[in-house]
Structures are given as C-alpha cells and as structure tokens.
Amino acid sequence: MTSDAPDAPDADKVRASLRRLAGADERTIIERADAATRDLEAAAEFVASVGLEELAAAIEAVDDPALAERGRRALAAFRRARAAAAGDLDPSADDHFRPGRGTDLRGDDERPPG
C-alpha cells in the first residue's frame, strides 16, 4: 500500500497506537514530562526516550484541559532549556530580570531634600 492511498493510515494515529501498545498513553507522557521538568537527569532521559514531538502530539490528543495545560507548560520549559543550552535565549524576553539602573528604590521619606 502506498502512503498516498485513500485508506492509508494517518502517521499521527499510527504513532499514537504504537505508544498505547508500548504502554505510554498521552496522560502518561504528559505526567512524565511534567515530573521531568523538576530534575535535569529526568528531563534529559525524557527528551532522549520520548521526545518533544511525542509530547506535543500527546498534548493535542488528550481530552483533559488541565492535563493539556500541564503538558504545554512542560513543553515550553523543555524548549526554553534547549534554547538556553544553545545560547539562544533573549535576555530581554524575561520580565523577571530587567536592569534597574536609574530606578530609585528609596521611599518618599528617604529621598534627599532637594
């Protein structure tokens, strides 16, 4: 059977079926990814054994919105870690760390007369 035949199976469906046969359903993949974001070795193992494409597919396939959100947060964390490792992070993109030069942090009663 050729891949362009009308009854050819969808590649994503085939992968999902193979994951289920292997015992890794969407919920398991997302939960494992979420847990792996808290441990560098677990994160490396997850990326090597499952991969970010499979995580993205699991997020799309899962019916639980809360679980899908956990998966999206984990996927974003893996992507940020990959970008950081490659030196591709934009330091101005993170609102938590902005230069404070020129910002007077003293209260009104602490300002010099003037």
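These are my notebook entries on a predicted model of one protein chain.

**Entry 1: the overall layout**
I started with the secondary structure. The protein chain has five helices and zero strands. Reading along the sequence, I wrote the pattern down as α-α-α-α-α.

Next I asked myself: what share of the residues counts as buried? Of the 114 residues in the protein chain, the figure is 22%. I then looked up the surface, and the protein chain exposes about 8,600 Å². Carbon and sulfur atoms supply 53% of that area.

**Entry 2: contacts along the chain**

**Entry 3: a pair of helices**
I picked helix α4, residues 52-61, and helix α5, residues 65-86. Their axes come within 9 Å and cross at roughly 160°. Angles over 145 degrees count as roughly antiparallel, so α4 is roughly antiparallel to α5. I also noted that α4 passes α5 in a left-handed crossing.

**Entry 4: who touches whom**
Which residues of α4 make the contact with α5? I found Leu 52, Leu 55, Ala 56 and Ile 59. On the α5 side I listed Ala 68, Gly 71, Arg 72, Ala 74, Leu 75, Phe 78, Arg 79 and Arg 82. Sorting the residues of this contact by kind, I got eight nonpolar, one polar and three charged. Gly counts as polar here, and Gly 71 is on the α5 list. Arg counts as charged, and the α5 list includes Arg 72, Arg 79 and Arg 82.

Technical notes
Residues are numbered from 1 along each chain as its sequence is written. This is a predicted model: local features need pLDDT of at least 70, side-chain atom pairs count only at pLDDT 80 or more; totals for chains, interfaces and linings use all residues. Side-chain values use heavy atoms; hydrogens and water are left out. Helices (H or I, at least four residues) and strands (E, at least two) are DSSP runs, numbered from the N terminus. Buried means under 20% relative accessible area, exposed over 50%, partly exposed in between (1.4 Å probe, protein chains only). Accessible areas come from the Shrake-Rupley method with a 1.4 Å probe; for residues, only the protein chains shown count as cover. Axes are lines fitted to C-alpha atoms, for helices over the stretch in contact, and angles run from 0 to 180 degrees between N-to-C directions. Angles under 35 degrees count as roughly parallel, over 145 as roughly antiparallel, 65 to 115 as roughly perpendicular and the rest as oblique. A crossing is left-handed if the near helix is turned anticlockwise from the far one by less than a right angle, and right-handed if clockwise. Contact means heavy atoms within 4.5 Å.
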